[in-house]
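Colleague: Hi! Could you walk me through this one? I'd like to ask about a few spots as we go.

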Amino acid sequence: MAMLEIKDLEVYYGVIQAIKGISFEVNQGEVIALIGANGAGKTTTLHTITGLISPKKGSVVFEGKDITKVPAHRIVSMGMAHVPEGRRVFAELSVYENLKMGAYTRSDKNEIEESLANVYKRFPRLEERKNQMAGTLSGGEQQMLAMGRALMSRPKIILMDEPSMGLSPILVNEIFDIIRSVSESGTTVLLVEQNAKKALAIADRAYVLETGRITMSGNAKDLLEDDSIKKAYLGE
């Protein structure tokens, strides 16, 4: 049984259909990339999975439970974390306070402190800046904070929306190294990313979304070599 199953999902914004009956699955321990052009429906898909948008049809099943109508905050406590596009850190709060916000569904103080220590180990820069207001961090540091905050909920699966957007090439490499290490530590990853080359390089499998439909899927390494993918998304 897949950890996450998306079945025949249809999502509308008013009369405009954004998602047109897509189905895909994510197995435990995988890194799955969802690639596609701007406006293809990638962010809408993540928002629907995490309960921020209600679909018109179809279902989202997580660990065998139908969570299609479950509120977003309850989905977090079930073990799913979302790193939104544009980072969305709490600008007026410190780095430390942002990270503590990520653990709001948890109650064991010792375990929360342990998670905080693990986040600081993974992101040493966040520990250096723990008392700094999040709004004063660089774009790369804010991305690290958004990822660290999501990890504070101890997720079984983490959904990341465009983590490399607006970052310098050096920072992009660093962020992808972190995503790989998050996966290697046992957290399943569903990655939405416009940098298709980077996403396919670290993913196990991938799905290509075009105007609300999945048009291709397969082993990420195979898609990396596919001529139509190279032409459309890799600039080759």
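Colleague: Which lysine lies over the face of Tyr-12?

Modeller: That would be Lys-56, at 4.6 Å from the ring centre. Keep in mind that this is a predicted model.

Colleague: Thanks. How many aromatic pairs are there in the whole structure?

Modeller: A search of the whole structure finds one. The partners are Phe-24 and Tyr-207, 5.2 Å centre to centre with 45° between the planes, and the pair is tilted.

Colleague: Why does it count as tilted?

Modeller: Planes under 30 degrees apart would be stacked and those over 60 edge-to-face, so the rest count as tilted. The angle between the planes of Phe-24 and Tyr-207 is 45°.

Colleague: And where do Phe-24 and Tyr-207 sit in the chain?

Modeller: They link distant parts of the chain, 183 residues apart: Phe-24 belongs to strand S2 and Tyr-207 to strand S9 (residues 205-210).

Colleague: Buried or exposed, Phe-24 and Tyr-207?

Modeller: Phe-24 is buried, and Tyr-207 is buried as well.

Colleague: Let's stay with S2. What is the strand order in the open sheet with S2?

Modeller: The order is S2-S1-S4-S5, four strands with antiparallel pairing. Strand S2 (16-26) and strand S5 (65-66) stand at the edges with a single partner strand each, so one side of each has no neighbour in the sheet.

Colleague: How many bridges hold S1 and S2 together?

Modeller: Strand S1 (residues 4-13) pairs with S2 over eight bridges, in the antiparallel sense. One place to look is Glu-10, which stands opposite Lys-20 in S2. The hairpin of S1 and S2 has two residues between the strands, and Gly-14 there takes a positive phi near 65°.

Colleague: What about the S5 end, how many bridges join S4 to S5?

Modeller: Two bridges join strand S4 (residues 57-62) to S5, and the strands run antiparallel. Val-61 has Asp-66 in S5 as its bridge partner.

Colleague: OK, over to S3. How many of its residues are buried?

Modeller: Five of the five residues in strand S3 (residues 31-35) are buried. Val-31, Ala-33 and Ile-35 point one way, while Ile-32 and Leu-34 point the other way.

Colleague: Which strand does S3 pair with in the parallel sense?

Modeller: One is strand S8 (residues 188-192), over four bridges, with Leu-34 standing opposite Val-192 in S8. Another is S9, also parallel and over four bridges. On that side, Ile-32 stands opposite Arg-205 in S9.

Colleague: Nice. Is helix H1 mostly covered or mostly open?

Modeller: Helix H1 (residues 42-49) is mostly covered, with six of its eight residues buried. Those buried are Lys-42, Thr-44, Thr-45, Leu-46, Thr-48 and Ile-49. Just after H1, Gly-51 takes a positive phi of about 85°.

Colleague: Where does Tyr-104 lie, and is it buried or exposed?

Modeller: Tyr-104 is in the loop between helix H3 (95-101) and H4. It counts as exposed, because its relative accessibility is 53% and the cut-off for exposed is over 50%. Its C-alpha atom is separated by 28 Å from that of Ala-33, one of the buried residues of S3.

Colleague: And the second largest pocket, what volume does that one have?

Modeller: About 300 Å³. It is lined by 13 residues, and Ser-115, Asn-118, Arg-122, Leu-151 and Arg-154 are the closest to its centre. Helix H4 (residues 109-122) supplies the largest share, seven residues.

Methods: Residues are numbered from 1 along each chain as its sequence is written. This is a predicted model: local features need pLDDT of at least 70, side-chain atom pairs count only at pLDDT 80 or more; totals for chains, interfaces and linings use all residues. Side-chain values use heavy atoms; hydrogens and water are left out. On a 1 Å grid over the protein atoms alone, a cavity is a set of points where a 1.4 Å probe fits but cannot get out, and a pocket is an open set with protein on both sides within 12 Å along at least five of seven lines; lining residues have an atom within 4 Å of a point. Grid points are joined across faces, edges and corners, and a volume is the space filled by probe spheres set on the points. Two strands pair if DSSP finds at least two bridges between them. Rings of Phe, Tyr and Trp (its six-membered ring) pair if their centres lie within 6.5 Å; planes under 30 degrees apart count as stacked, over 60 as edge-to-face and the rest as tilted. Buried means under 20% relative accessible area, exposed over 50%, partly exposed in between (1.4 Å probe, protein chains only). A charge sits over a ring if NZ of Lys or CZ of Arg is within 6 Å of the ring centre and within 35 degrees of the ring normal.
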